[in-house]
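Hi,

Here's the structure I said I'd pass on. Have a look at it first, and then read my notes below.

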Amino acid sequence: MAIPQGKILIIEDDKGLRDFLREVLTIQGYHIAATEDGREAVSKLKTYKPDLILLDLTLPGIDGIELCKIFKNIDSSISIIIITGRSNQQDIIAGLEAGADDYIVKPTHLAELLARINSQLRSKKLYDQLEREKNDLAAILEITRTISSQLDPAEIFFAIVKKISEIIDVDRCNIWLVEKGAEFGYIVAAHDNPVIKNLKIPLSKYPEIQQALQTGKMVICQPPFQQKVKSPQGPQEPQSIMVFPIMFQSDIMGTLFLRTERPPLMSNKREIKLCQGIANAVAIAIKNAHLFASIKEESRKREMALIELERAKYAQRELELKAKYEELFEHASDGLITLDKDGFIRFANKKAIEITGYSKGSLLGKHIHQLFYTETLPQNGSCPWNILEGVELPGSMDIFILTKDGRKRCLSVTMNRLPDKENTITFSFRDVTEKRTLERRLRESEEKYRIMIERANDGIIIVQGELIKFANKKFQEMMEYSAEEVRSLDYRKILAPEEYDPIREVFWKGLIERELSQPFGITLMNRYGKRIEVEVSAAPIEFKGRPAYQVFLRDITRRKELEIQLKQHAKEIWEANQKLKEIDKIKSNFLAATNHELRTPLTVIKGYIKLLLSESPGKINNVQKQLLKESKESLDRLVSLVNSMLDLSRIESGTMEMEIKDRELIPCLLDVIKRMEHFVKDSGLKLDLKLPKVLPPVPFDKDRIEQVMINLIDNAIKFSTKGGKIRISVSDGKDQILISVEDQGMGIPEEDRAVIFNEFSKLKRKKVGIQGTGLGLAISKKIVEAHGGKIWVESLPQKGSKFFFSLPLIKPSPN
C-alpha cells in the first residue's frame, strides 16, 4: 500500500530524536516542519497547517497535554500522535482525553511509527473527503430549497452560480440557456454580475459549449499550466474550462459553464460530481420555470375570462341603472346627466339634450370632460371631474360648455354622488347664460359707477344719520381732509353756521318722504375755515342695509362764465367717448368671437374630418369620403376667411408687426413662384417671367410681400382660362421698384375697378366655381401702403387684367 503524502509537524525537545524523525520522514516523502518549543508550535500550526502532529509530552514552557488541547481547539480535524517516554496508563489516558488520536511510548520501532502515521493520515483523508461530500450535499440541498422556494428564474439562477463560486475556486461561473438548433445562447446568470439577464452570445465563440450541447456530456478544456497564454495585455495565466450540459430527461436545455486559472481544472471526482448534481438541479429549475410560465399564462387567460364576465355583469348593471333613473329624470325641468365611476355619460334627459344641442346617441358614451369648455374652468382645482376621485365639490358651480353648434353656454351645475354600489354620479344643471350676462353687466355697471364716483369732478359723500360714511377724492381735495379724517366726520362740521338748520330740515324731509327739492346752493367751510360755495343735490339710498343720503357737491365758482363752454365740451366728449366705446366694443367683440367662436371649433372640426378621412375610427365608403373632402375644402375656405379677417383687423388697428428692412427682392419672388408653380400647371396655365438680373436692395417685410404676391397670383389663376399665360414682371424705376402680375382672363368691368380693393368686394365675373373671401386685395392694398407704396389695376374686358404695385427704395417712416 502506498504511503499517503502529507505535512507533518514534529514537536520534540530532544534535538537528536527531532532530527532523526525529520530525516526519516522526509525520505518517506512527507513535508516536515519541526520545533522544540510549544509556543512556537502554536504559531506554526496557524501558518503551516499540518495534516499530522508528532507531539512529545515533556516540553519546555507548555505541557504536551495542554498543548494538545490548544491544537484541538484551533483545528479539531488535525491528527495528533503523542510520542513520549512515559508509559504509565494515567498519562496515556490523559493524552487521549486531551484529543490525541494515538499514543506511542519511546523507544519505538520505525516500522510501527510509519504504520501509525500512515493510518492516521488515511483516516484524516477519509474524514476530509466525507466532510467535503457533506458540504457538497448541503450545497445541493440549499440549491434545491432555493428552487422550491423561489418563483423568479433569474433569482434562482443567480443563487445557484453564487453558491458554486462559494464552494469551488472558480473565476467565472455562468448558466447558459440554449434552444435546440439555435446559433445563439443566453447567459441568464453570472456569479460576478447580479444584474445580468438574457445576455445574447453567439455559440461560435464557445466551441466547448457547442461540444457539450452536441454530445450531452461534460467537456473539460485544460491547457498546459507550465506555459502562460499570450495576449495583447501581456502574458496571463492559462485558463481551464469545464462545461456541464443541463439536461432534463433527454432534452438539453443549456450548460453550466465554469472557468478557473488554477491547475488542475477541477479534475477531482468530487467537484465533477458536485457540478453535475448542480447542473441536474438547474435543469429542474428551468423545467419548473417553464411550468410556472405555463401556469401563469393559463392564469392570465382565466383572469381575462373573469374580466370579460365582469364586463358582462357591468353591462347588465348599467341597463338596470338606466331603467331605474330614466323615468325619474327624463321629464325634469333641469338638465340631468348620470356618469359611471370612470366619468362616461350613461344617461341624459330631454332637457340636457336640449341645452347641449347633441342628439341622445351622440351624447351618451362621451366622457364628461369632452362636454365642458375647459378654458373657463375654475383655477382652484374644483374641476367637474375631480368628483371622480372622490373630491368633495361645492354644492353648485358655474361651468361653460360648447353646444353642438359651437355656442358657448353658461350652466349652473350641481354634482352629487348617489349612495349606490355603482358609485353613480349625477350632474344637474340649468342654462343661466342670460342671467349671468345680466349679473356681469350689473357688476360692470357697479364698477363703472364706483370709478365714476371716485373720479368725478364733483364732491360726492354718503351721509348716514349725522355722519359722513363715504367721501370721494374730489370732496377730500375740496374740503382739504384726508380719507381717514373725513370718514365718520359729522357733516355739520363742514356747514357754514347759517346753513345748518335749513340743510337739516331738507335732509330729514327727504328721508321721510323719499323725495327732495331741486338742487340748491349752500356754503361750506373747509378744514381751514375757507368758505366754498357749492351746489347740492341729494338722493335717498340704502347703505349697508340702512337708510342714507348720497349727496353731490359741485363747486360753482366761475361756473356761470364757463357753463356754456363746459356743457358743449361735455356733450362732445361724451358723444366721442360713446362712439369710441362702441367702435372699440364692436372690434373687441369681433376679435374675441373670431378667436374663440370660430378658430377653436373650426380646428376641432378639421381634426375630426382628417381623422375620419384617415379611416382610423372605421372604414368609410367613397360617397362619404367625397362628402368629407368637400367639407374639408369648405372648412379650409372658412379658415382662410377667418385668417384674412384677423390680418385686416391687425393692419387697421396697427398691431400687425412688420420687419421692414433692406433685402434682395428677386429671391423672395422666385420662392413665391416656386410655391405657386404647381397650382399654375394644375390649372392648365403657363408662367412667363420677366425679371431683371440685378436690383438694388429694397426695404420690405418678406412674409407680407410674399402674401401680396400669393394673393395676386392666386387671383390670376382663378380668373384665367385654360391654356392662357400668367406674366410676372419686375422693373427698376428711379426711386421705386414696380412689380406686376398679368393674366389673360375675362378682365374686370369698369364699375368694379373703383371698389376692387375694398373689403369683401367680389368681382362680377362669369367664371363658375370661383371661391374667395373678398379680402385678399384689400389686405394686399394695406400691406403695400404700409410699405409706402401703391397698388392699382389695369384691365380690358375679355383681354385680361394687370395688377401693379410699387415698393419705394426709401424705407417708410414708422407712421
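I'll start with the second largest cavity, whose volume is about 40 Å³. Keep in mind that this is a predicted model. The cavity is one of three of 30 Å³ or more that turned up in a search of the whole structure. Its lining is made up of Ile337, Thr356, Ile368, Leu371, Phe372, Ile401, Leu411, Phe427 and Phe429. Two elements, helix 11 (368-371) and strand 16 (425-431), each give two or more residues to that lining. Sorted by class, the lining residues are eight nonpolar and one polar, with no charged ones.

Now for the chain as a whole. There are 21 helices and 29 strands in it, and 38% of its 815 residues are buried. Its accessible surface is about 47,900 Å², with 52% of that belonging to carbon and sulfur atoms. If you take contacts between residues at least 6 apart in sequence, 55% of them join residues at least 24 apart.

Then there's the packing. The largest nonpolar core has 38 residues, and Leu665, Met709 and Phe805 have the most contacts inside it. Elements giving two or more residues to this core include helix 18 (665-682), helix 19 (702-718) and strand 29 (800-808). Helix 18 supplies the largest share, eight residues. So what does Met709 touch, leaving aside neighbours within four places in sequence? Met709 is in contact with Leu669, Val672, Ile728, Ile739, Val741 and Phe805. Another core, of 28 residues, lies apart from this one, and among its members are Ile164, Ile272, Ala281 and Val282.

Cheers

Notes:
Residues are numbered from 1 along each chain as its sequence is written. This is a predicted model: local features need pLDDT of at least 70, side-chain atom pairs count only at pLDDT 80 or more; totals for chains, interfaces and linings use all residues. Side-chain values use heavy atoms; hydrogens and water are left out. On a 1 Å grid over the protein atoms alone, a cavity is a set of points where a 1.4 Å probe fits but cannot get out, and a pocket is an open set with protein on both sides within 12 Å along at least five of seven lines; lining residues have an atom within 4 Å of a point. Grid points are joined across faces, edges and corners, and a volume is the space filled by probe spheres set on the points. Helices (H or I, at least four residues) and strands (E, at least two) are DSSP runs, numbered from the N terminus. Ala, Val, Leu, Ile, Met, Phe, Trp, Tyr, Cys and Pro count as nonpolar, Asp, Glu, Lys and Arg as charged, and the others, Gly among them, as polar. Buried means under 20% relative accessible area, exposed over 50%, partly exposed in between (1.4 Å probe, protein chains only). Contact means heavy atoms within 4.5 Å. Accessible areas come from the Shrake-Rupley method with a 1.4 Å probe; for residues, only the protein chains shown count as cover. A nonpolar core is a set of buried Ala, Val, Leu, Ile, Met, Phe, Trp, Tyr and Cys residues joined through side-chain atoms within 4.5 Å.
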